[in-house]
Amino acid sequence: MFRNFFERALLASNKFTILPVIFGLLGAIVLFIIASYDVLVIMADVWNYFFKGIHPENFHSDVVAVIVGAIDLYLMALVLYIFSFGIYELFISEIEALKESKQSKVLEVHSLDELKDKIGKVIIMVLIVNFFQRVLHANFTTPLEMTYLAASILALCLGLYFLHKGEH
């Protein structure tokens with residue numbers, strides 16, 4: 001009797017996985033909004049630069065840094081988005097409309113390993129974009145620092161190559 005009750009309670013607890021789905025989607029929406037706001041603000045600065053004659057110091061590098069930062073936030077939002085869809089499909093219910101549409105195979109998840117792989121690839125892209133964002137703000141003064149930068153970029157390229165090669 002206790003065993004049956006416990007098993008039913010265990011199965012019913014499956015519904016709590018809706019919490020990471022909801023809050024993952026909310027987090028993704030927040031990141032999408034923040035990144036979009038950052039791009040809108042920089043667009044206003046670009047407008048002022050071209051049409052109002054306001055020429056701040058380091059304008060070009062600041063614009064690139066904000067755009068790269070927005071890309072980083074968009075990618076993190078996509079991690080949460082893919083995570084939310086994957087958890088929903090794995091633990092709550094399959095999304096029939098997703099299966100009927102051919103537009104989004106990236107959101108289809110059939111196993112936890114597949115979800116981890118998809119999220120892992122996006123996280124790697126987040127880390128790469130974050131690396132380049134930090135490089136934009138770095139000051140390289142010695143040839144050794146430039147060598148380290150080149151070696152870092154080479155390591156990233158090799159990592160992406162082997163990651164892509166592993167898919168095939």
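At 1.5 Å a residue, helix H5 (residues 112–137), with its 26 residues, should span 38 Å, and the 37 Å between its end C-alpha atoms agrees with that. The expected span here is 1.5 Å times one less than the number of residues. Helices themselves (H or I, at least four residues) are DSSP runs numbered from the N terminus.

Before going on, a word on the ground rules: this is a predicted model, in which local features need pLDDT of at least 70 and side-chain atom pairs count only at pLDDT 80 or more, while totals for chains, interfaces and linings use all residues. Residues are numbered from 1 along each chain as its sequence is written, and side-chain values use heavy atoms, with hydrogens and water left out.

Staying with H5, its buried residues (under 20% relative accessible area, with a 1.4 Å probe and protein chains only; exposed is over 50%, partly exposed in between) include Leu-115, Ile-119, Val-122, Val-126 and Val-129, and also Lys-118 and Gln-133. Setting aside residues up to four places away in sequence, Phe-132 touches Ile-153 and Leu-156; contact means heavy atoms within 4.5 Å. Phe-132 and Ala-65 are 67 residues apart in sequence, yet their C-alpha atoms are 9.0 Å apart in space.

Now to H2 (residues 18–51), whose 34 residues reach 49 Å from the first C-alpha to the last, close to the expected 50 Å. Among the buried residues of H2 are Gly-24, Gly-27, Ala-28, Leu-31, Ile-42 and Tyr-49, and the buried residues of this helix pack against helix H3 (59–92). How do the two helices lie? The axes of H2 and H3 come within 8 Å and cross at roughly 160°; axes are lines fitted to C-alpha atoms, for helices over the stretch in contact, with angles from 0 to 180 degrees between N-to-C directions. H2 passes H3 in a left-handed crossing, where the near helix is turned anticlockwise from the far one by less than a right angle (clockwise would be right-handed).

Thr-17 sits in the loop between helix H1 (2–12) and H2. Leaving aside neighbours within four places in sequence, Thr-17 contacts Ile-87, Phe-91 and Ile-92.

Here is how some of the residues discussed in this report compare in accessibility:

| Residue | Relative accessibility | Class |
|---|---|---|
| Thr-17 | 18% | buried |
| Tyr-49 | 17% | buried |
| Phe-50 | 58% | exposed |
| Asn-58 | 49% | partly exposed |

Aromatic pairs come next. A search of the whole structure finds seven of them. Tyr-49 and Phe-50 form an edge-to-face pair, 5.2 Å centre to centre with 85° between the planes. Rings of Phe, Tyr and Trp (its six-membered ring) pair if their centres lie within 6.5 Å, and planes under 30 degrees apart count as stacked, over 60 as edge-to-face and the rest as tilted. Ring pairs also link Tyr-49, Phe-50 and Phe-59 into a cluster.

Finally, the backbone. Just after H2, Gly-53 takes a positive phi of about 70°. Asn-58, in the loop between H2 and H3, has a positive phi of about 60° although Asn-58 is not a glycine. Most residues other than glycine have a negative phi.
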